[in-house]
Amino acid sequence: MRLRNELRSDDGQALVEMAMVLPILIAVVLGIAQFGVAYNNYVTLTDATRAGARKAAVSRFVGDAGASAVATVKSSATNLTASKLSVSVTSTNWTVPGSDVTVTASYPYSINILGWTVKSGDLTSTQKE
């Protein structure tokens, strides 16, 4: 009778439930953190391309064909690795006032959860002045 009551006991139920739910909960929390890092990188990239487009529009007649805008983008993206950041600056005509200037920057990202790559690719931002 005593053995039968011990088999029906549910003393370890909470521990078993926690052991089943905890890995899923940890994966969700880590996914949220990784997404936050990727979103922060995107916001930084967008702000840097905006600053680069402003610099390209203002310094159009310097004669550097956008080199100062590229330097501005790279210096504005403070928390991104500069060697991974690719920047291009184009204009329809560098010597004509009012012509379009386009600054495009891209930066690689990867969302990894517990060693498993969920999504990876390039974050890209384009600003036109």
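Me: Is Lys128 buried or exposed in this model?
Reply: In this predicted model, the relative accessible area of Lys128 comes to 58%. Because a residue counts as exposed when that value is over 50%, Lys128 is exposed.

Me: With which residue does Lys128 form a salt bridge, and which parts does the pair tie together?
Reply: The closest N and O atoms of the bridge that Lys128 forms are 3.9 Å apart, which falls within the 4 Å limit for a salt bridge. Lys128 belongs to strand S3 (residues 116–128) and its partner to the loop between S1 and S2, so the pair ties together parts that are 28 residues apart in sequence. That partner has a relative accessibility of 35% and counts as partly exposed; the residue is Asp100.

Me: How many salt bridges does a search of the whole structure find, and where does Asp47 take part?
Reply: Asp47 meets Arg50 through their side chains, at 3.7 Å from N to O, and the two are three residues apart in helix H2, so that about one helical turn separates them. Asp47 is partly exposed at 42% relative accessibility, and Arg50 is likewise partly exposed at 36%. Across the whole structure, the number of salt bridges found is two.

Me: Which residues of helix H3 are buried, and what covers them?
Reply: The buried residues of H3 (residues 67–76) are Ser68, Ala69, Thr72 and Val73. They lie on the same side of H3, because the arc they cover around the axis is only 140 degrees. What covers them includes helix H2 (13–58), strand S1 (86–91) and strand S2 (101–113).

How values were computed. Residues numbered from 1 in each chain as written. Predicted model: local features only at pLDDT ≥ 70, side-chain atom pairs only at ≥ 80, totals over all residues. Heavy atoms only, no water. Buried < 20%, exposed > 50% of the residue type's maximum accessible area, 1.4 Å probe, protein only. Helix = DSSP H or I, 4+ residues; strand = E, 2+ residues; numbered from the N terminus. Arc of directions from axis to C-beta. Contact = heavy atoms within 4.5 Å.
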